[in-house]
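Have the sequence and the 3D view open while you read.

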Amino acid sequence: MPTSTPAPQSGLTGSYFANKTLSGTATLVLVDPAVNFVWSYAAPATGIPADNFSVRWTGFVVPQYSQTYTFYTQSDDGVRLWINGVQL
């Protein structure tokens with residue numbers, strides 16, 4: 001029987017936790033093609049509460065051009081941005 005290798009997915013791996021501390025085992029892990037969400041009062045996914053949850057995105061951002069890029073974050077409870085192992 002032939003086997004196939006899944007095509008690589010473009011995006012960042014999101015590990016979703018049903019707590020605010022990124023602790024324990026992630027309730028859900030999936031590849032998010034973009035990190036640009038407006039959840040407001042809704043839960044991000046089934047099994048994740050609408051409030052008091054956390055997400056850790058990991059992966060690589062490959063720039064299309066050699067130039068300066070700016071990353072923006074916005075949240076109502078807190079956010080940390082790490083690039084190349086350095087917290088900005």
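Which residues form a nonpolar patch on the surface? Val61, Tyr65, Tyr69 and Phe71 do, and together they have about 440 Å² of accessible area. A patch here is built from residues with over 30% relative accessible area and no salt bridge; nonpolar side chains (Val, Leu, Ile, Met, Phe, Trp, Tyr) are joined within 5 Å, and like charges within 9 Å. A salt bridge is a side-chain nitrogen of Lys or Arg within 4 Å of a carboxyl oxygen of Asp or Glu. Areas are worked out by the Shrake-Rupley method with a 1.4 Å probe, and for residues only the protein chains shown count as cover.

Before going on, a quick note: this is a predicted model, where local features need pLDDT of at least 70 and side-chain atom pairs count only at pLDDT 80 or more, while totals for chains, interfaces and linings use all residues. Residues are numbered from 1 along each chain as its sequence is written, and side-chain values use heavy atoms, leaving out hydrogens and water.

**The overall picture**

The chain has five strands and zero helices, so what you get along the sequence is β-β-β-β-β; helices (H or I, at least four residues) and strands (E, at least two) are DSSP runs, numbered from the N terminus. Of its 88 residues, 12% count as buried. That word means under 20% relative accessible area, with exposed being over 50% and partly exposed in between (1.4 Å probe, protein chains only). The accessible surface of the chain is about 7,600 Å², and carbon and sulfur atoms own 54% of that.

Here is how some residues compare:

| Residue | Relative accessible area | Class |
|---|---|---|
| Tyr16 | 3% | buried |
| Ser15 | 15% | buried |
| Trp39 | 22% | partly exposed |
| Arg56 | 38% | partly exposed |
| Val61 | 56% | exposed |

Val61, from the surface patch, sits in the loop between β3 and β4 (82-83).

Ser15 belongs to strand β1 (residues 12-17), and Arg56 to strand β3 (residues 54-58). What does Arg56 touch, leaving aside neighbours within four places in sequence? Its contacts (heavy atoms within 4.5 Å) are Thr13, Gly14, Ser15, Phe17 and Leu22. Thr13 is 43 residues away from Arg56 along the chain, yet their C-alpha atoms are separated by 7.9 Å.

**The aromatic rings**

There are five aromatic pairs. Rings of Phe, Tyr and Trp (its six-membered ring) pair if their centres lie within 6.5 Å; planes under 30 degrees apart are stacked, over 60 edge-to-face, and the rest tilted. Tyr16 and Trp39 have ring centres 6.4 Å apart and planes at 75 degrees, so they are edge-to-face. Tyr16 lies in strand β1 and Trp39 in the loop between β2 (28-32) and β3, so this pair ties together parts 23 residues apart in sequence. Trp39 also makes an edge-to-face pair with Phe53, at 5.4 Å centre to centre and 80 degrees between the planes. Finally, ring pairs link Tyr16, Phe37, Trp39, Phe53 and Trp57 into a cluster.
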